[in-house]
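Trainee: I would like to go through this model with you, feature by feature. Can we start once it is on the screen?

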Amino acid sequence: MVMSKLNSMNAFVEKARDVLSSDPGRRYVLARTNIRDFKLLNHVFGFQKGNEILKCIEGILNKNSDAFEVYGQLHIDQFVFLMTKEKFSTSLFRQMASECSGLIESPCFRIHIQMGVYEIVDSNMEILSMCDRAYLAIKSIKIDEPLAVAWYSDSIMERCLYSKKIISEFDYALQSKRFLMYLQPQANTKGEIMSAEALARWLMEDGTILSPSHFISILEDSDLIWKLDLYMWEEAAKLLSKWKHDGDKKNLSISVNISPKDLYYLDIEKELVDLVRKYDISPDKMNVEITESSFVNNSDLYVDLIAKLHKAGFAIEIDDFGSGYSSLNLLKNIHADILKLDMAFLQKGEDLIRSEIIIDSVIEMAKRLDMQVISEGVETQEQAVFLKSNGCDFFQGFYFSRPVAVDKFDTVLKAYNLERTNAHHKRPKSLRDLVKEAV
Ligand code: C2E
Ligand code: MG
Ligand code: MG
C-alpha cells in the first residue's frame with residue numbers, strides 16, 4: 001500500500017517554504033486544482049461518491065508523487081502542488097480527470113478539473129500569496145474542458161482588481177442614478193424611426209462614460225446584472241409613459257435587454273407586467289430582447305417564459321442571432337416575433353457571395369417562420385441596401401445613428417423627420433434617403 005504524502009495546508013506551506021529556500025536559483029511552479037461543481041456532484045450523486053472521487057485523486061497523486069516537490073490538500077476538493085518547472089506537465093492531471101469521470105455513471109455529468117499555475121518569480125513571496133495567484137488564474141477559466149489550465153499573469157491580477165472595483169461601486173452607482181439609458185434608433189425600410197434599443201451606460205464620478213463592455217460581463221459573472229436590468233426596464237417604461245402624450249413619439253417602441261442570468265433571480269414576466277401596469281403603457285411598446293446564448297442550457301424555461309410574455313402582450317426578439325453554435329436548432333422550439341441578426345453576419349468574409357447567400361437564406365427562413373428581421377451593426381449604405389433588397393424589415397447601426405442619450409434622441413428624431421420632410425420638397429438627399437430609393 002502506498003503511504004499518503006498528501007499534506008495538510010499548513011504542512012504544505014511549511015515544506016514548500018523549505019524547498020524554495022534550499023534551492024532559490026531553481027525555477028518552480030505552484031499549481032492548484034479545483035473540481036468544478038464539486039458541491040453539485042455531492043448533491044446529485046451523494047457524499048459517498050464525492051469521497052470516492054477524492055480518494056481516487058489522492059491515489060493517483062501518491063502513485064505519482066515523484067512528479068512533485070510537495071503536494072497537499074488546501075480544501076476538500078482543492079489540491080496544491082509545488083513542482084520544478086521542467087517537471088511540470090498536464091498529462092497526469094488529464095489522466096486524473098478522465099479516471100474520476102469514469103467513476104460517475106451518468107452520461108450527463110463529467111468531471112471538470114480546473115488548474116491555475118503560478119510560475120514563481122520571487123521565491124520569497126508568501127506561499128499563500130502564490131496560492132492566491134494560482135486561484136486567480138483558475139477564476140479566469142471560461143472553457144468547459146475535462147482539464148482546463150490557466151497560467152497566472154499580471155493582467156489577470158489587473159482584471160480581478162478592476163472587477164472588484166466595478167462590483168464594489170455598483171450598488172452605490174445604481175442608487176445614485178449613475179446609470180444612463182442610451183437609445184439607439186431602429187429604422188424601417190422607408191427610413192422611418194420606429195423604435196429604439198435601450199443600452200446602459202455608466203457615468204463615472206470623473207465624468208467619463210463607461211460602455212457596457214466594461215461592466216456587463218462582470219455584473220453577469222457576479223450575479224448582479226438583474227439589478228441593472230430591473231433599473232433599465234423601469235427607465236424604459238418611464239420614458240414610454242412620457243412618450244404616450246407626445247405626437248412624434250407615441251407610436252415608438254423600446255427594446256430592452258434580458259441577461260441570461262435574470263432568469264435565476266427574477267420573475268421576469270411578473271416584473272415586466274408590473275412595470276407596464278405601473279406606468280400605464282401598452283406591453284406592445286416594450287420589446288424584450290433575449291440573447292441567443294441564453295437558450296443554450298435552458299431552452300425549456302425560455303419556451304415557458306416566452307409563452308407567458310406573449311400572453312401578456314410583449315413582443316420577443318432573439319438578440320445576436322447567428323453568434324452562437326446552435327442558432328438554427330433553437331428556432332425549432334422558440335417562437336419569437338423578431339430575429340435580430342448579429343453584426344458578425346455583416347462583416348465581410350473572404351467569400352462575399354457565400355456570406356450573401358447565408359444572409360439571404362436566414363432572412364427567408366425567418367419569414368417562413370413568421371418572424372420579422374432586424375439587422376444590427378449596419379454601418380454602411382451598401383449593407384443597408386443589400387439587407388433591404390433581401391427582405392430585412394428593420395435596421396440598427398451606426399449608419400443610422402449611434403446610441404445616444406435620451407435628450408439627444410429627440411434631436412436625432414427631429415433631424416430625421418425634418419430630413420424626410422425636406423426630401424419630399426426635393427432638398428439635397430441624405431444617405432438614408434438613398435437607402436429608401438436604392439431598391
Ligand atoms: P446588444 O444588445 O447586441 O446591443 C448592440 C450593441 O451593438 C450596442 O453595443 C451598440 O452600441 C452596438 N452597435 C450598434 N450599432 C453598431 C454598429 O453599426 N457597429 C458596431 N460595431 N456596433 C454597433 P453596446 O451599447 O456597447 O452594448 C453591448 C452589449 O451590452 C449589448 O449588445 C447588450 O448585450 C449588453 N447590454 C447593454 N445594455 C444592457 C442592459 O441594460 N442590460 C443587459 N443585460 N445587457 C446590456
Ligand atoms: Mg440587444
Ligand atoms: Mg445584439
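Mentor: Helices (H or I, at least four residues) and strands (E, at least two) are DSSP runs, numbered from the N terminus. This is a predicted model, where local features need pLDDT of at least 70, side-chain atom pairs count only at pLDDT 80 or more, and totals for chains, interfaces and linings use all residues. Residues are numbered from 1 along each chain as its sequence is written, chains are lettered from A and ligands numbered from 1 in the order in which they are written, and side-chain values use heavy atoms, with hydrogens and water left out.

Trainee: How far apart do the C-alpha centres of domain 1 and domain 2 lie?

Mentor: Domain bounds come from an automatic or database domain assignment. Here that assignment gives domain 1 as 9–152 and domain 2 as 162–438. Their C-alpha centres are separated by 43 Å.

Trainee: Which element supplies the largest share of the lining of the largest pocket?

Mentor: A pocket is found on a 1 Å grid over the protein atoms alone, as an open set of points where a 1.4 Å probe fits, with protein on both sides within 12 Å along at least five of seven lines; lining residues have an atom within 4 Å of a point. Each of domain 1 and domain 2 gives at least three residues to this lining. Elements supplying at least two residues each include β1 (28–35), α5 (127–139) and α11 (295–311). The largest share, nine residues, comes from α6.

Trainee: How many residues of the lining of the second largest pocket are charged?

Mentor: Asp, Glu, Lys and Arg count as charged; Ala, Val, Leu, Ile, Met, Phe, Trp, Tyr, Cys and Pro as nonpolar; the others, Gly among them, as polar. In the second largest pocket, β7 gives the most to the lining, with five residues. That lining divides into 14 nonpolar and 10 polar residues, and the charged ones number 12.

Trainee: Which residue meets arginine 26 in a salt bridge?

Mentor: A salt bridge is a side-chain nitrogen of Lys or Arg within 4 Å of a carboxyl oxygen of Asp or Glu. By this rule the count is 22. For arginine 26, the N to O distance is 3.1 Å, and the partner is glutamate 86.

Trainee: How many residues apart are arginine 26 and glutamate 86?

Mentor: Arginine 26 sits in the loop between α1 (9–22) and β1. Glutamate 86 is in the loop between β3 (78–84) and α4 (91–101). The pair links distant parts of the chain, and the separation is 60 residues.
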